[in-house]
Amino acid sequence: MFGYAGKILRINLTTREIVKDILPEKMCVEFIGGRGFVAKTLYEELPPGTHPFDENNLFIIATGPLSGHFLPASGKTHFGSKSPATGGYADSNMGGHFGPALKYAGYDMVVITGKAETPSFVFIEDDKIDIRPAAAYWGKGALTCEAMMKKDLGEDFQILTIGPAGEKKVNFACISHDFGRQAGRTGMGAVLGSKNIKAVAVKGTGSILAADVKKAFALGKEAFRKVSEKPGFKGWTPEGTAGITDWINEVGAFPARNFKTSHIGHSSMINGKKVLERLKITDKGCYCCPTPCGKYGHTQTILGSAFMEGPEFETISLFGGSCLLKTIEEVAYANYLCDELGIDTISGASTAAFAIECFEKGLIAEKDIGRPVEFGDLESVVHLLNLMGQRENSLGDLLSQGVKIASEKIKNGSEKFAIHVKGLEWTGYECRNAPSMMLAYMTADVGAHHNRAWVMGHDVVGAATNVHDLITGGTHNEKRPRAVISPEDSAQYVIESQHIRPAFDLLGCCRLQLMELGFEVENYAELYSVITGEKITWEDLIRVSEKVWNLTRMFWVREMKNFGRNMDYPPPRFYEELIPGGPCKGYGISLDDMDRLLDAYYAARGWDNNGLPTRETLERVGLAHMMEPLLKGN
Ligand code: SF4
């Protein structure tokens, strides 16, 4: 098919067998690409019950049909596996330049299985594929390793690396690329580490065919023009996602003290403006992106100095809010350390905040940590990050497994403030006054991740629904009562968002052009049609999105005994404790209310009362044939 590179590269690290398969046209039509390819391949090819660190687990790299083409922000790459963080379905994506390079080398997807005998890296240069020794890189930080490999292989290689955390199978180890882009969530770096793979390097010198090159070029050019004329183009790019810090704090949705409360007093010290004033050297963007939201910069703290990319909003909210670090320089230093260790900043910060609260409550002893730790103290946070990222001592080993598993072992009520869903640590929004966003976290298909659906705007009275309007539209001072939304409306908002966002993940584009700038979705259907030659509407893409959402839910059902509603609840802190201070003081959502939200959501999705897709729903979305053994087993 046009638009695609046309091949799947399969690498078995145990047997060293390398196979280049033709990309099936049927798969392109039915699952489009990116996350769709990941979900389908995992469901069909992963033996049920495989442990995430078993060599039979798959590590999948997938691009979309629009990846690498001339259009705004077409550089997303997706990774998929069975997650060590959750034991369930996992995918994670990143920007940068890797996906386009992979397509220029001739591959839409890479499926890696087995385990290399010794530390190795995967080398891809067009047709030349190799599994090479990586002893010289093993043990190095993820950023350091990338710099070394660029020197050794050449600047024109695009490289994925893992840090020591990935090598040591820390459950939330990430994949790093381009000195600061990460596929951060769900432990993809640990899966690569379990296979003894330190890096994947790719150089592609080919090209990708478009069905109508002239029209594709004209439409791409037009798309850049349209994006540049959006009102958010000039307003959003300078600060990027960090620009929402003050607003989220002012509406009382900023996680503070391990989500104990939802407002901080020092947001002006860690907001987007401070990123520009105190850190930024230059803007940094992904492949073909007209809105470079990355901020490459330098930080100086009492513990040292570092060059790093970021921090973006999630890192700010978790380190600056949940861990209470006081300045943007401190947040940036913690960000840098996570990047070099190769751990997800969200899970790393959340686990540090959890450990500090455990220490405050006397559930972890000073002798086990090696020193006292406290909120707001950079040295405490850095000490904990090193413990977990390097799996140092028994406490580091425990924390490296994430807050769910750590709390199950620490017990004594720590489960109540282990902030996660399905084992994945919560990202940067406190939702006790945001029921729709709470529902989005509860039902996200990889665990508590905001990028599956962002519906904060629906929960805030009078708020705009895109970030640009939040930043420039005068809603900063909106102190809120909670918006009056029925569970049915919340469910609809969440489902709509859960279908729109993944559609970008299917195509291989960054969703921020829509979310932050308002670049209309219809443009993407048109670009897809011109590039692939397959006529499609946005509604068709949304239907594929819904199918993929049901498929990922069924992966959990297959892999986890007793999977159902019980796995969709947030931690008790969110339904047993009211917010103790700030603009949302006194707000909370009861467990009954959470059940009402879930009831409405399951009904709207066509799932049963336990949250399992029904046969009728699976037939409607076109999945029943894949599920037959499971449905019969039921
Ligand atoms: S908007 Fe930001 S994340 Fe998206 S492609 Fe551009 S630089 Fe990358």
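The crossing of helices H13 and H15 is right-handed, meaning the near helix is turned clockwise from the far one by less than a right angle. This is a predicted model, where local features need pLDDT of at least 70, side-chain atom pairs count only at pLDDT 80 or more, and totals for chains, interfaces and linings use all residues. Residues are numbered from 1 along each chain as its sequence is written, and side-chain values use heavy atoms, without hydrogens and water.

Now the geometry. H13 covers residues 345-360 and H15 covers residues 378-389. Both are DSSP runs (H or I, at least four residues), numbered from the N terminus. Their axes come within 10 Å and cross at roughly 110°. Axes here are lines fitted to C-alpha atoms over the stretch in contact, with angles from 0 to 180 degrees between N-to-C directions. That makes H13 roughly perpendicular to H15 (65 to 115 degrees).

Who touches whom? From H13, take Gly348, Thr351, Ala352, Ala355 and Ile356. From H15, take Val381, Leu384, Leu385 and Met388. Contact means heavy atoms within 4.5 Å. By class, that contact has seven nonpolar, two polar and no charged residues. Ala, Val, Leu, Ile, Met, Phe, Trp, Tyr, Cys and Pro count as nonpolar, Asp, Glu, Lys and Arg as charged, the others, Gly among them, as polar.

Stay on H13 for Ala349. Is Ala349 buried or exposed? At 0% relative accessibility, Ala349 counts as buried (under 20% relative accessible area, 1.4 Å probe, protein chains only). Beyond its neighbours within four places in sequence, Ala349 contacts Leu318, Phe319 and Cys323. Thr427 sits 78 residues from Ala349 in sequence, and 9.8 Å away in space, C-alpha to C-alpha.

Terms used:
Helix = DSSP H or I, 4+ residues; strand = E, 2+ residues; numbered from the N terminus. Parallel < 35°, antiparallel > 145°, perpendicular 65-115°, else oblique. Buried < 20%, exposed > 50% of the residue type's maximum accessible area, 1.4 Å probe, protein only.
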